[in-house]
Amino acid sequence: MKKSLVIGGMTALLPAAGFASETTDWIRPMSDISAGDTAWVMVSAILVLFMTLPGLALFYAGMVRKKNVLATMVQSIAVACLISLLWMCFGYSLAFTSNNGFIGGTERFFLSGMNVFTESEQLTIFPGAATIPEPVFMLFQMAFAVIAAAIITGAFAERIKFSGMLLFSALWSLLIYVPTAHWVWGPDGWLAADGVLDYAGGTVIHINAGIAGLVGAVIIGKRIGYGKEAMPPHNLVLTLVGMAMLWVGWFGFNAGSALAADGRAGMAMATTQIATAAAAVAWMLTERLLGHKPSALGLASGAVAGLVAITPAAGFVSVQSAVFIGLISGVICFWGATKLKYWLGYDDSLDAFGIHGIGGIVGAVLTGVFVSTDITGGGASLWVQIKSILITVGYSGVGSVILFFLVSKITGLRVEKDEERQGLDVVLHGERVE
């Protein structure tokens, strides 16, 4: 007897129970592998990694002051290195092997058992992606874990200790991101069993990271001079280039989550482009209607807001619905990034919460509103979507408070005031941009 399982957008057929504990379910003949699917997911994995290296690094670096540009880029690159190793050691196994509804098992710790058996013409696969080799699936999901942790750094840019940032990123990835990924995408995840729809990470990545960023911004506190001194972006050319890289890489993020070169991947690619364009236009129009000039930063922010909002819906909605998702997210994220944080008084430096957190929430809700039964082959529950948002917000919020408290006791969180004024490039890394 088989059951249907949605993992990262792909509907797979798995044994009704206990598949992960049976080694044979992870080993298949090489002839079962699809060259087309494998090539596409390999390219997609590279595109998702490209979103962080150098996409997000440049996007963030252009928005900070010149004295912090290197430190901001180093955060994204260092996080990519750290999370890659943690994913190999523990994260992949805990997220994607079967154990219980809340956390995976230990059988893939250090990627034990993942192999290619040339003599017998067999190899290991992940049972939810049976047409691609397991290392390809593992690396694709690793790139997701990398960018999730890197997104958070934008919320408290220009004032956090490098050691504190790395320790928090490691703990958050293993204790917050990995369990949530298992709940939503794992073979026996409890939210997956409830029928939650999250095609490529609106809940798992963007809401999760956005809430953690908000918690960090509040706990660490505002930058010195915030609200009193002008803090213009250092170089918006870098931000626009970074945004363009994010946009291109996002096709791997969304269309790659089909885990196959198929019709749903094509639909996800189309909805991604349409929603992103609509959100960018909506942001610029909102600026103009409020009496401002349409800005380069607004264009970049609007595009990223659309990318975030379409992520949970990409393979579940029509291109017509994608237009509405983009327009709605562009307007709401504009409000989150330009109004909400000033009303509430927190310093979300690069709008990690304002764009990723709020955009992820908007996208997850609208997935339930606009889901197409033609595309999914089934319905969706708006209440399940809302419930998954509330659970993720609560878990990431409370968990991040605890982790920031622990990090503050171990390494400390914030650089000294004089160091912050001097700039993190020199203070933390002994280098500067001339």
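A helix here is a DSSP run of H or I with at least four residues, and a strand is a run of E with at least two, numbered from the N terminus. Before going on, a word on the source: this is a predicted model, where local features need pLDDT of at least 70, side-chain atom pairs count only at pLDDT 80 or more, and totals for chains, interfaces and linings use all residues. Residues are numbered from 1 along each chain as its sequence is written, and side-chain values use heavy atoms, with hydrogens and water left out.

Back to Pro 54. With a relative accessible area of 27%, Pro 54 is partly exposed; buried would be under 20%, exposed over 50%, and partly exposed is in between, using a 1.4 Å probe and protein chains only. If you look for Met 30, 24 residues away along the chain, its C-alpha is 34 Å from that of Pro 54.

Now, helix 9. That's residues 296–310, so 15 residues, and the distance from first C-alpha to last is 22 Å, close to the 21 Å expected at 1.5 Å a residue. The expected span, by the way, is 1.5 Å times one less than the number of residues. Among the buried ones are Gly 298, Val 304 and Val 308. What do they pack against? Helices 1, 6, 7, 8, 10 and 11, counting contact as heavy atoms within 4.5 Å.

That brings us to helix 11, which is mostly covered too, with 15 of its 19 residues buried. Its end C-alpha atoms are 25 Å apart, which agrees with the 27 Å those residues should span. Have a look at His 356 in this helix. His 356 counts as buried, at 5% relative accessibility.

Next, salt bridges: a side-chain nitrogen of Lys or Arg within 4 Å of a carboxyl oxygen of Asp or Glu. The whole structure has nine. One of them joins the side chains of Glu 134 and Arg 108, at 2.9 Å, N to O. Glu 134 lies in helix 3 and Arg 108 in the loop between helix 2 and strand 4, so the pair ties together parts 26 residues apart in sequence. Glu 134 is buried at 0%, and Arg 108 is buried at 8%.

Another one joins Arg 223 and Glu 158, at 2.6 Å. Arg 223 is in the loop between helix 6 and helix 7, and Glu 158 in the loop between helix 3 and helix 4, so this pair ties together parts 65 residues apart. Both Arg 223 and Glu 158 are buried. They also belong to a network of salt bridges with Arg 65, Arg 159 and Asp 347.

That's my tour, thanks!
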